[in-house]
Amino acid sequence: DLLVTDRAVLREEFWRVVSGEGFAVEVRVGDDDDRLAGVVRVLRQPARALDLVVGRHAWQAELIARAARHRLGSVDVGLALPADLILLKLFAGARQDLMDAESLLELGDRPRLEAAVEAQLDRLPADAREAWRGLKASPGPAR
């Protein structure tokens, strides 16, 4: 998955160039009640998919701006910092996402990660903040 906040990717015409190059593109625009502005799935045969998650919140754009830059082949990509990845996992909120967030806490410098998450926590919805309280209370091995 890739995270962006530029809603231009939700317009069908944005994808015309790749649609003619053997890619299938599915654009799903979120409504006002959705946590995301939308999702774009780019498929290339045989069955390889990339989901472009389109955020709608300022904290997501800030997360992208502070991402660590890495070279991946010929492309420069931003990788979310561990605390930001935990925020994204809390925001997504599915069982697997919360397990992933817990694993990140266990693998990293837990006190530092907790402090970094808590500095941004008030920007997340109430259910994500509640999930964080549950994760923080769990007795990870680094505690």
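Student: Let's start with Phe14: how exposed is it, by relative accessibility?

Tutor: Keep in mind that this is a predicted model. Phe14 comes out at 43% relative accessibility, so it counts as partly exposed.

Student: And what about Trp15, buried or exposed?

Tutor: Trp15 is buried, with a relative accessibility of 11%. That falls under the 20% cut-off.

Student: How many aromatic pairs does a search of the whole structure find?

Tutor: Two. One of them joins Phe14 and Trp15. Their centres are 5.0 Å apart with 65 degrees between the planes, and the pair is edge-to-face.

Student: Which rings have their centres 5.3 Å apart?

Tutor: Those of Trp59 and Phe91. Their planes sit at 75 degrees, so this pair is edge-to-face.

Student: Where do Trp59 and Phe91 lie?

Tutor: Trp59 is in helix H2, residues 58-65, while Phe91 is in helix H3, residues 82-92. The pair therefore ties together parts that are 32 residues apart in sequence.

Student: New topic, charges. What sits over the ring of Phe91?

Tutor: The charged end of Arg35, 5.3 Å from the ring's centre.

Student: And which residue lies over the face of Phe23?

Tutor: That's Arg44, at 4.7 Å from the ring centre of Phe23.

Terms used:
Residues numbered from 1 in each chain as written. Predicted model: local features only at pLDDT ≥ 70, side-chain atom pairs only at ≥ 80, totals over all residues. Heavy atoms only, no water. Phe/Tyr/Trp six-rings, centres within 6.5 Å; stacked < 30°, edge-to-face > 60°. Buried < 20%, exposed > 50% of the residue type's maximum accessible area, 1.4 Å probe, protein only. Helix = DSSP H or I, 4+ residues; strand = E, 2+ residues; numbered from the N terminus. Lys NZ or Arg CZ within 6 Å of the ring centre and 35° of its normal.
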